[in-house]
Amino acid sequence: MPKQKTHSGAAKRFKKTASGGYKHKQSHLRHILTKKSSKRKRQLGDLAMIKSCDNRSINRMLPFV
């Protein structure tokens with residue numbers, strides 16, 4: 001049986017929480033920021049939770065995290 005490897009792209013994008021869920025950084029915060037309000041940019045800076053239905057596929061990509 002082959003070795004399990006961590007998906008390097010997923011490892012950079014997702015963070016595991018203490019309760020077993022995952023968080024990810026939100027998009028739309030890289031460029032074209034002048035037309036976005038300060039409130040919108042501030043709220044995009046927060047980490048967002050992954051939906052529970054996607055946890056299984058992320059668990060498969062991150063077996064050792």
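These are my notebook entries on a predicted model of one protein chain.

**Ground rules**

I count residues from 1 along each chain as its sequence is written, and for side-chain values I use heavy atoms, leaving out hydrogens and water. In this predicted model, local features need pLDDT of at least 70 and side-chain atom pairs count only at pLDDT 80 or more, while totals for chains, interfaces and linings use all residues.

**Entry 1: the whole chain**

I started with the elements and found 3 helices and 3 strands in the protein chain. Both kinds are DSSP runs numbered from the N terminus: helices are H or I with at least four residues, strands are E with at least two. Reading from the N terminus, I get the order α-β-β-α-β-α.

Next I looked up the overall dimensions. Along the principal axes, the C-alpha atoms fill a box of roughly 50 × 25 × 20 Å. The radius of gyration is 15 Å, whereas a compact globule of 65 residues would have one near 11 Å. That radius is taken over C-alpha atoms, and the globule rule is 2.2 Å times the number of residues to the power 0.38.

The protein chain exposes about 5,700 Å², and carbon and sulfur atoms supply 52% of that. Such areas come from the Shrake-Rupley method with a 1.4 Å probe, and for residues only the protein chains shown count as cover. Of the 65 residues, 18% count as buried. Buried means under 20% relative accessible area, exposed means over 50%, and partly exposed is in between (1.4 Å probe, protein chains only).

I also checked contacts, meaning heavy atoms within 4.5 Å. Among those with a separation of 6 or more, 60% come from residues 24 or more positions apart.

**Entry 2: the sheet**

What is the strand order in the open sheet? I read it as β1-β2-β3, 3 strands with antiparallel pairing. Strands count as paired if DSSP finds at least two bridges between them. β1 (14–16) and β3 (47–49) stand at the edges with a single partner strand each, so one side of each has no neighbour in the sheet. From one strand to the next, the twist averages 35°; the axes behind such angles are lines fitted to C-alpha atoms (for helices over the stretch in contact), and angles run from 0 to 180 degrees between N-to-C directions.

A reminder to myself: strands of a sheet pair through backbone hydrogen bonds, either parallel or antiparallel.

Here, β1 and β2 run antiparallel and are joined by 3 bridges. One pair I picked out is K16, whose bridge partner in β2 is Y22. The hairpin of β1 and β2 has 5 residues between the strands, and G20 there takes a positive phi near 100°.

H24 has A48 as its bridge partner in β3.

I then followed K25, which sits in strand β2. K25 is partly exposed at 46% relative accessible area. Leaving out residues up to four places away in sequence, K25 touches R13, G45 and L47. S52 is 27 residues from K25 in sequence, and their C-alpha atoms are 16 Å apart in space.

Which residues make up the largest nonpolar core? I found 5 residues: A10, Y22, I50, I58 and L62. A nonpolar core is a set of buried Ala, Val, Leu, Ile, Met, Phe, Trp, Tyr and Cys residues joined through side-chain atoms within 4.5 Å. Not counting residues up to four places away in sequence, A10 touches M61 and L62.

N55 belongs to helix α3 (residues 55–61). Is N55 buried or exposed? It is buried, with a relative accessible area of 17%. Its contacts, again without residues up to four places away in sequence, are G20, G21, Y22 and I50.

Last, I visited the loop between β2 and α2 (38–44), where H28 is found. H28 is not a glycine, yet it has a positive phi of about 70°. With a relative accessible area of 56%, H28 is exposed.

I32 lies in the loop between β2 and α2 too. I32 is also not a glycine, and its phi is positive at about 55°. I32 is partly exposed, at 48% relative accessible area.
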